[in-house]
Amino acid sequence: MDSVLSIEKLTKTYDNGFSALKGVDLAIRRGEIFALLGPNGAGKTTLIGIVCGLVRATSGKVVVDGCDIAQDYRSARKKIGLVPQELAVNMFESVWDTVVFSRGLFGKKANPAHIEKVLRDLSLWDKKDANIRALSGGMKRRVLIAKALAHEPEILFLDEPTAGVDVELRRDMWEMVRHLRESGVTIILTTHYIEEAEDMADRVGVIDKGEIILVEEKRALMSRLGQTRVTVGLTQKLDAIPEGLRAQPLTLSPDGLTLVFTQTGETDPHDGGLAGLLKNLAARGIDFASVQSSQSSLEDIFIDLVGKSR
């Protein structure tokens, strides 16, 4: 698939010797929603800052839709919209003026119809003449998104866009993101709400200590590394797992009244799986009172991956 953003061997070492990025290679596909996950200090914001021209790389190459950010910065930057973590707006301007000004910064001709659509999509139209300092925190966050969309970017970076905002804004934002993706905009997001990435993303990348440790299709990742966990409550105590069941991924609780069946990855229909376990229990006269099943989330997988990399 066509890559709209290509990052090759990207490094960033600060004056104090700290290496924020260590040879990052990453290709973002046109029109996808890509979730970049990582703990605090992993390098997410530094990576975004370099692509958006806010941070100078130590070495490496970044190409945005055919434009090298070092050799053709202006053309590359016009293709990118950024919603930063921190509020960065002129508090004494009106909503309309600050969004229109953002469009002009990128050399785009005036387009009141587009600005109106953006403000309406973000439920800001009735606040268009309001002074930004008079808005709530959630409304100010909406203004940041409007500024990022004012020049009709092809790539939109959302850096922790829903941190500290209300549920209504989160819902409106993700609805808007889906519409943008449908129109061909590529979305790259970082978030601490990993359930959002699980719901929205097409692919997931995990970065830790300045290195990309995984990039994979979300569904394939959850299928490969996700776990099925089944808790079987027994009616009578077992002193140990029966001989014929010890080959299965089973653990017995200390009180002998609970068996836990854990399987990683996709279940092979030929290995018996849970159904085979229950049949084996019945064949051995082991009665059970309850069966509870759960699937691991993307957050569970993320915590496991990051834990292993440390």
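Guide: Let us start with aromatic pairs. The model is a predicted one. By the rule used here, the count comes to one aromatic pair. Trp96 and Trp125 form that pair.

Visitor: How do you know that Trp96 and Trp125 form an aromatic pair?

Guide: Their ring centres are 6.1 Å apart. The rule asks for centres within 6.5 Å. The two rings therefore count as a pair.

Visitor: What makes the pair of Trp96 and Trp125 edge-to-face?

Guide: The angle between the planes is 75°. Planes over 60 degrees apart count as edge-to-face, so the label applies.

Visitor: Which parts does the pair of Trp96 and Trp125 tie together?

Guide: Trp96 lies in helix 3, and Trp125 lies in the loop between helix 4 and helix 5. The pair therefore links parts that are 29 residues apart in sequence.

Visitor: Which residues make the contact of helix 3 and helix 4?

Guide: Helix 3 brings Val95, Trp96, Val99, Val100 and Arg103. Helix 4 brings Pro112, His114, Ile115, Glu116 and Leu119. By class, this contact has seven nonpolar, one polar and two charged residues.

Visitor: What makes helix 3 roughly parallel to helix 5?

Guide: Their axes cross at roughly 30°. Angles under 35 degrees count as roughly parallel, so that is the label. The axes come within 8 Å. Helix 3 passes helix 5 in a right-handed crossing.

Visitor: Which residues of helix 3 and helix 5 make the contact?

Guide: Val95, Thr98, Val99 and Ser102 come from helix 3. Val143, Ala146 and Lys147 come from helix 5. This contact has four nonpolar, two polar and one charged residues.

Visitor: How do you know that helix 5 is roughly parallel to helix 6?

Guide: Helix 5 (residues 137-149) and helix 6 (residues 167-182) pack at an angle of about 15°. The limit for roughly parallel is under 35 degrees, so the label holds. The axes are 11 Å apart. The crossing of helix 5 and helix 6 is right-handed.

Visitor: Which residues of helix 5 and helix 6 are in contact?

Guide: Gly138, Arg141, Arg142, Ile145 and Leu149 belong to helix 5. Glu168, Leu169, Asp172, Met173, Met176 and Leu180 belong to helix 6. They divide into six nonpolar, one polar and four charged.

Visitor: On to the sheets. What is the order of the open sheet of four strands?

Guide: The order is 12-13-11-14, with antiparallel pairing.

Visitor: Why do strand 12 and strand 14 stand at the edges?

Guide: Strand 12 (250-252) and strand 14 (288-295) each have a single partner strand, so one side of each lacks a neighbour in the sheet. Neighbouring strands here are turned by 20° against each other on average, direction ignored.

Visitor: What makes strand 11 and strand 14 a pair?

Guide: Pairing needs at least two bridges. Strand 11 (residues 227-234) and strand 14 have seven, in the antiparallel sense. Thr228 stands opposite Gln295 in strand 14. Strand 11 also pairs with strand 13 (residues 258-264) over seven bridges, again antiparallel. There, Val230 has Phe261 as its bridge partner.

Visitor: How many bridges join strand 12 and strand 13?

Guide: Three, in the antiparallel sense. Leu252 is partnered by Leu259 in strand 13. The two strands form a hairpin with five residues between them. Gly256 in the turn has a positive phi of about 75°.

Terms used:
Residues are numbered from 1 along each chain as its sequence is written. This is a predicted model: local features need pLDDT of at least 70, side-chain atom pairs count only at pLDDT 80 or more; totals for chains, interfaces and linings use all residues. Side-chain values use heavy atoms; hydrogens and water are left out. Axes are lines fitted to C-alpha atoms, for helices over the stretch in contact, and angles run from 0 to 180 degrees between N-to-C directions. Angles under 35 degrees count as roughly parallel, over 145 as roughly antiparallel, 65 to 115 as roughly perpendicular and the rest as oblique. A crossing is left-handed if the near helix is turned anticlockwise from the far one by less than a right angle, and right-handed if clockwise. Contact means heavy atoms within 4.5 Å. Ala, Val, Leu, Ile, Met, Phe, Trp, Tyr, Cys and Pro count as nonpolar, Asp, Glu, Lys and Arg as charged, and the others, Gly among them, as polar. Rings of Phe, Tyr and Trp (its six-membered ring) pair if their centres lie within 6.5 Å; planes under 30 degrees apart count as stacked, over 60 as edge-to-face and the rest as tilted.
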